[in-house]
Amino acid sequence: LQVATLNTPDGEITPVDDAILGLYEKACGYVPGDPSSDQGGDINTVLNSVRTTGLGKKEPGGHMRHHMVLHAYASINYRNINAVKQAIALFGVVDLGIELPISAQAQVGGVWDVTSGPNAQAGSWGGHSVVVSAYDANGVTCITWGALQRMTWKFWDAYVDEAFSLFFNPWKNHEALQVEAFDEALQAVTA
C-alpha cells in the first residue's frame, strides 16, 4: 500500500496497525491472544480479501480511514525475469512467495544470497511473503518486516516460488496504462 501510493497526488498511505491485524484475522484465521492461530496465510486468499473489501479501518459512521482497494492482481511467471521487471516498472510492486532457508536468518539486513549446507534447504525457515519494489542487474530490493532487504537473482532462482503483479486503484491514472482495455481483459479471464 505504501509503495502503491508513494507517487500519487494524495501521497503515501501507511495503514494503521489494527487494519493490518484485521486483515490477518479475516484472511488468515488469526485469533488475537491465540498463538496457535498465528500460522500465516495464503497469498491468493489475502489478495482476494484486499481486492473485495479493501484494507482500512472503519470509523464511526462507516467511513474508511486509509481505505485502499486492490483493483486487480495476476500471477506472473516468476521464472520470466523480464516479465517481473516489467510488472515492477508498470505497477510499482510485485508480491512474492518465498520458501526461505534458515541460512537467510543470518543475512537479514544484508543481502539474501544462496549458501550451501543443510541450512540452505528451501523452506527450512518457512514460507514468507514480501513485496519487491526495485530491481537492478544484481537482484531485487524487497520489503519485509518493515525494512528493505536485498536479494540476489541467484537467491530468487533458488527460493522464490510464486509472484503476483498488483494493480492498486491509485495506479489507474498512470499514463502508460490503458485501464479500459485492462479491465476488459481482466473480465474476460475471470468470467
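This is a predicted model: local features need pLDDT of at least 70, side-chain atom pairs count only at pLDDT 80 or more; totals for chains, interfaces and linings use all residues.
View 1. Once neighbours within four places in sequence are left aside, Asp-38 is in contact with Tyr-24 and Tyr-30. The C-alpha atom of Asp-38 is separated by 8.4 Å from that of Cys-28, a residue 10 positions away along the chain.

**View 2. The packing of helix H2 against helix H3.** Helix H2, which spans residues 17-28, packs with helix H3, residues 43-53, at an angle of about 115 degrees, and the axes of the two helices are 9 Å apart. H2 is therefore roughly perpendicular to H3, and the crossing of the two helices is right-handed. On the H2 side the contact is made by Leu-23, Lys-26, Ala-27 and Cys-28, which meet Thr-45, Val-46, Ser-49, Val-50 and Thr-53 of H3. Sorted by class, the residues of this contact are 5 nonpolar, 3 polar and 1 charged.

**View 3. Strand S9 between S3 and S4 in the open sheet.** The sheet is open and consists of 7 strands in the order S3-S9-S4-S6-S7-S8-S5, with mixed pairing. Its edge strands, each of which pairs on one side only, are S3 and S5, the latter formed by residues 111-112. Strand S9, residues 160-168, is mostly covered, with 7 of its 9 residues buried. Strand S3, residues 70-75, runs antiparallel to S9 and is joined to this strand by 5 bridges; across this pairing Tyr-73 stands opposite Leu-166, while Ala-72 has Phe-167 as its bridge partner. Strand S4, residues 94-100, is likewise antiparallel to S9 and joined to S9 by 5 bridges, with Val-94 standing opposite Ser-165.

**View 4. Helices H3 and H4 lying across strands of the sheet.** Helix H3 lies across S3, S4, S9 and strand S6, which comprises residues 126-136, and the helix runs at about 155 degrees to S3. Helix H4, formed by residues 81-91, lies across S4, S6 and S9, and runs at about 70 degrees to S6.

Key
Residues are numbered from 1 along each chain as its sequence is written. Side-chain values use heavy atoms; hydrogens and water are left out. Buried means under 20% relative accessible area, exposed over 50%, partly exposed in between (1.4 Å probe, protein chains only). Helices (H or I, at least four residues) and strands (E, at least two) are DSSP runs, numbered from the N terminus. Two strands pair if DSSP finds at least two bridges between them. Axes are lines fitted to C-alpha atoms, for helices over the stretch in contact, and angles run from 0 to 180 degrees between N-to-C directions. Angles under 35 degrees count as roughly parallel, over 145 as roughly antiparallel, 65 to 115 as roughly perpendicular and the rest as oblique. A crossing is left-handed if the near helix is turned anticlockwise from the far one by less than a right angle, and right-handed if clockwise. Contact means heavy atoms within 4.5 Å. Ala, Val, Leu, Ile, Met, Phe, Trp, Tyr, Cys and Pro count as nonpolar, Asp, Glu, Lys and Arg as charged, and the others, Gly among them, as polar.
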